[in-house]
Amino acid sequence: MRPSPTTSALDQRRSRVHEAVHELMAEQGFRISMDAVAARAGCSKQTLYAHFGSKQELLRSVIAEHQELATARLSPATEAPRAALLAFAEG
């Protein structure tokens, strides 16, 4: 029986898959295939379906991650506005 992958291994795989999707979308738009994503990410198509369920869910995952990064919250008003805005911009 194989031991289950560690959380960091799962996070690394998810990052590779998301990076592969970003690259392929830059090259091909939304017409990417799960075969192409698997090949670019260095995993099997079966792995993609096991983790994401479908191409639509994979794309939702990538978009949700991008949305989280694009909509970072500002720190509470206790910080100086300049420092808060600089930290937000750097993030």
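Tutor: Read along the sequence, the pattern is α-α-α-α-α. That makes 5 helices and 0 strands, where helices (H or I, at least four residues) and strands (E, at least two) are DSSP runs numbered from the N terminus.

Student: What should I know about the model and the numbering?

Tutor: This is a predicted model, so local features need pLDDT of at least 70, side-chain atom pairs count only at pLDDT 80 or more, and totals for chains, interfaces and linings use all residues. Residues are numbered from 1 along each chain as its sequence is written, and side-chain values use heavy atoms, with hydrogens and water left out.

Student: Where is confidence lowest, and where is it highest?

Tutor: Helix α5 (residues 81-90) is lowest with a mean of 77, while α2 is highest at 97. That's pLDDT, the predictor's confidence in each residue, from 0 to 100. The protein averages 85, and 84% of the residues score at least 70.

Student: Ok, packing. Which residues in the largest nonpolar core touch the most other members?

Tutor: V17, V21, I32, V37, C43, L48 and L58, out of 15 residues in that core. Such a core is a set of buried Ala, Val, Leu, Ile, Met, Phe, Trp, Tyr and Cys residues joined through side-chain atoms within 4.5 Å. Buried means under 20% relative accessible area, exposed over 50%, partly exposed in between (1.4 Å probe, protein chains only).

Student: Which helices supply at least two residues each?

Tutor: α1 (7-28), α2 (34-41), α3 (45-52) and α4 (55-70).

Student: And what does L48 contact, leaving aside its neighbours within four places in sequence?

Tutor: V17, M34, V37, A38, C43 and G53. Contact means heavy atoms within 4.5 Å.

Student: Switching topic: at what angle do the axes of α1 and α4 cross?

Tutor: Roughly 90 degrees, and the axes come within 10 Å. So α1 is roughly perpendicular to α4, a label for angles of 65 to 115 degrees (under 35 is roughly parallel, over 145 roughly antiparallel, the rest oblique). The axes are lines fitted to C-alpha atoms, for helices over the stretch in contact, with angles running from 0 to 180 degrees between N-to-C directions.

Student: Which residues meet there?

Tutor: R14, V17, H18, V21, H22 and M25 in α1 meet L58, L59, S61, V62 and E65 in α4.

Student: Is S61 buried or exposed?

Tutor: Buried, because its relative accessibility is 13%. Beyond its neighbours within four places in sequence, S61 contacts R14, H18 and F52.
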